[in-house]
Amino acid sequence: MVAEIINGNLITRKLLLEALNLTETAAPRIAAAGAGGKTTTLKRLAAEYADTGKKPVVTTTTHMFKEDSPFFLENPSLEELLAVLDKEGCVFAGEKAENGKIKRLSADVLEAVLKLPNPILIEADGAKMLPAKFPADHEPVFLPQTTHVLYVCGMDAPGRKIKEVCFRPELMAAFLKKSPEDILMPRDIAALIQSEQGGRKGVELGMHYAVILNKADTQERRDTALRIWEAMEMKGNMKVVVTGWGA
């Protein structure tokens with residue numbers, strides 16, 4: 001399920017690219033930050049791009065899990081990366097890291113990749129598999145070439161204790177003027193995604209910013225997404241997309 005929130009209504013879209021107004025953008029540099037489905041979101045975008053023949057490159061400025069797939073490359077040369085991209089129509093690439101992960105490409109390969117006329121999708125944040133987070137001083141890690149920032153939050157976070165669902169719960173609680181024992185509410189997510197300390201941290205002038213409220217696999221979670229939108233003061237100037245890949 002993919003939908004935009006427009007005037008308080010969920011408007012279904014066929015493609016995530018359509019919901020994000022990316023169908024006519026030839027070679028964006030898209031960074032995903034936040035929590036609760038960054039990799040899933042980038043994989044969905046990569047699949048949609050591949051279906052159109054645009055051959056995306058997916059990488060990271062932090063870490064992401066490596067899968068046992070011909071699409072995933074560790075420590076690739078540019079020639080190896082381009083060969084897989086040409087054959088498979090998509091490639092996930094990074095330097096080998098610990099615990100089955102990949103990390104930022106080597107400087108020369110990354111520089112060359114960023115010059116390609118292809119969509120480049122970048123996981124720019126980490127959240128330890130939790131559905132919400134508040135960034136530390138060094139997070140997220142956006143490249144200067146970033147054109148679009150997608151801030152992701154899982155709809156399984158609201159209604160539960162901050163300490164249970166948030167990465168860096170003490171920072172989240174301090175931002176919200178709450179205790180880590182307190183419940184994370186829809187209005188809290190609204191505050192997070194609008195803040196230059198939270199979701200908009202590091203988003204510079206000229207970068208397009210959009211919010212992805214993910215894991216909205218039930219009507220209850222879709223209703224929660226709408227409550228978040230209703231609590232936003234900037235809703236007239238901020239794209240909010242609701243996704244749920246399980247329903």
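**From the first strand onwards**

Modeller: E4 stands opposite V241 in β14. The model is predicted. Strand β14 covers residues 239–243, and three bridges join it to β1 in an antiparallel arrangement. β1 itself spans residues 2–6, and four of its five residues are buried. β1 also pairs with β2, residues 9–12, again in the antiparallel sense, through four bridges. In that pairing A3 stands opposite T12. Two residues separate the strands of the β1 and β2 hairpin, where N7 has a positive phi near 55°. Most residues other than glycine have a negative phi, and most peptide bonds are trans.

N21 sits in the loop between α1 (16–19) and β3 (29–34), and it counts as exposed because its relative accessibility is 52%. N21 is also one of the residues lining the second largest pocket, together with L20, L22, H148, V149, L150, H208, Y209, A210 and K239. Two elements give two or more residues to that lining, namely β11 (148–154) and β13 (208–214). The volume of the second largest pocket is about 150 Å³, and its lining has six nonpolar, three polar and one charged residues.

Further along comes α2, with 14 residues. From its first C-alpha to its last, α2 reaches 20 Å, close to the 20 Å expected at 1.5 Å a residue. The buried residues of α2 are K38, T41, L42, L45, A46, E48 and Y49. Seen down the axis of α2, these buried residues fall within an arc of 165°, so they line one face of the helix. An α-helix has 3.6 residues a turn, so residues three or four places apart point the same way.

α2 (38–51) also takes part in the largest pocket: α2 and β5 (63–65) each supply at least two of its lining residues. The largest pocket has a volume of about 670 Å³. It is lined by 26 residues, and those closest to its centre are K38, E123, G126, A127 and K128. By class the lining divides into eight nonpolar, nine polar and nine charged residues.

After α2 comes G53, with a positive phi near 85°. K55, in the loop between α2 and β4, has a positive phi of about 50° although it is not a glycine. K55 is partly exposed, with a relative accessible area of 27%.

The bridge partner of V57 in β9 is I120.

One peptide bond deserves mention as well. The bond from E139 to P140 is cis, with omega near -15°. P140 lies in the loop between β10 (132–133) and β11.

Conventions: Residues are numbered from 1 along each chain as its sequence is written. This is a predicted model: local features need pLDDT of at least 70, side-chain atom pairs count only at pLDDT 80 or more; totals for chains, interfaces and linings use all residues. Side-chain values use heavy atoms; hydrogens and water are left out. Buried means under 20% relative accessible area, exposed over 50%, partly exposed in between (1.4 Å probe, protein chains only). Two strands pair if DSSP finds at least two bridges between them. On a 1 Å grid over the protein atoms alone, a cavity is a set of points where a 1.4 Å probe fits but cannot get out, and a pocket is an open set with protein on both sides within 12 Å along at least five of seven lines; lining residues have an atom within 4 Å of a point. Grid points are joined across faces, edges and corners, and a volume is the space filled by probe spheres set on the points. Ala, Val, Leu, Ile, Met, Phe, Trp, Tyr, Cys and Pro count as nonpolar, Asp, Glu, Lys and Arg as charged, and the others, Gly among them, as polar. The expected span of a helix is 1.5 Å times one less than its number of residues. The arc is that of the directions from the helix axis to the C-beta atoms.
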